[in-house]
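Subject: Structure for your review

Dear colleague,

Please find below the sequence and structure that I am handing over to you. My findings follow directly after them.

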Amino acid sequence: MHTTSPLVGAHFRPPAKALLAVLRNGTPLTLEREPDNAYDPQAVKVLVESVHIPSSQLDELDALVQGFGVSVEEVLAQPIWHLGYIAAKPPKGRSGILAGEVAKRLDAGATAQAQLSFNGTGEPSVAITWRLAPS
């Protein structure tokens, strides 16, 4: 089963917006439940490993992350970056499976293979291929 979820909150997670500007469609992502989130107990974090940052984009990334007070070397030294969250509510003009349903599936033991995708206006989403837990 395949679903798509809006990725939101990158502006709260510097330098996530800079990373999203250089990551390619299809970049592998990790989904991680965050049940202790003070704002949403159904929260699902979207993470990317630094090894998936394209080496061909490092000069551009270096220019982008300087505005966040870090260098590209510091970005690459951190193994995992938090890009944002699966949307809890549908963002204006966007659709997809929301955090509550993603959390429910993950809590039920489903396995999610997640990849970065972008909609027609360039907004980031998470494409998820699900393998449901045996009944």
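Glu101 is partly exposed, at 31% relative accessibility; buried means under 20% relative accessible area, exposed over 50%, and partly exposed in between, for a 1.4 Å probe and protein chains only. Its partner is Arg105, and the two side chains meet in a salt bridge at 3.0 Å, N to O. Such a bridge is a side-chain nitrogen of Lys or Arg within 4 Å of a carboxyl oxygen of Asp or Glu. Arg105 counts as buried, with 16% relative accessibility. Both residues belong to helix H4 and stand four residues apart, about one turn of the helix. Helices (H or I, at least four residues) and strands (E, at least two) are DSSP runs, numbered from the N terminus.

Please note that this is a predicted model, in which local features need pLDDT of at least 70 and side-chain atom pairs count only at pLDDT 80 or more, while totals for chains, interfaces and linings use all residues. Residues are numbered from 1 along each chain as its sequence is written, and side-chain values use heavy atoms, with hydrogens and water left out.

The other salt bridges

How many salt bridges does the structure hold? There are four. In general, side chains of opposite charge can pair when their charged atoms come close.

Glu32 is partly exposed at 34% relative accessible area, whereas Lys45 is buried at 16%.

Another joins the side chains of Arg94 and Glu123, at 3.9 Å, N to O. This pair links distant parts of the chain, 29 residues apart: Arg94 is in the loop between strand S4 (80-86) and helix H4 (99-107), and Glu123 is in the loop between strand S5 (111-118) and strand S6 (124-131). Arg94 is buried, with 12% relative accessibility, and Glu123 is partly exposed, with 32%.

The nonpolar core

A nonpolar core is a set of buried Ala, Val, Leu, Ile, Met, Phe, Trp, Tyr and Cys residues joined through side-chain atoms within 4.5 Å. The largest one here has 32 residues, and Leu31, Leu61, Leu83, Val102 and Val126 have the most contacts inside it. Helix H1 (residues 16-22) gives the most to this core, with five residues. Leaving aside residues up to four places away in sequence, Leu83 touches several residues, including Leu7, Ala16, Leu19, Leu20 and Val46; contact means heavy atoms within 4.5 Å.

Two loops

Ser50 is found in the loop between S3 and helix H2 (58-65). Is Ser50 buried or exposed? Ser50 is buried, with a relative accessible area of 7%. Beyond residues up to four places away in sequence, Ser50 touches Val75, Leu76, Gln78, Pro79, Ile80 and Trp81.

Pro15 has its place in the loop between strand S1 (2-8) and H1. A cis peptide bond joins Pro14 and Pro15, with omega about 5°. As a general point, most peptide bonds are trans.

Yours sincerely,

A colleague
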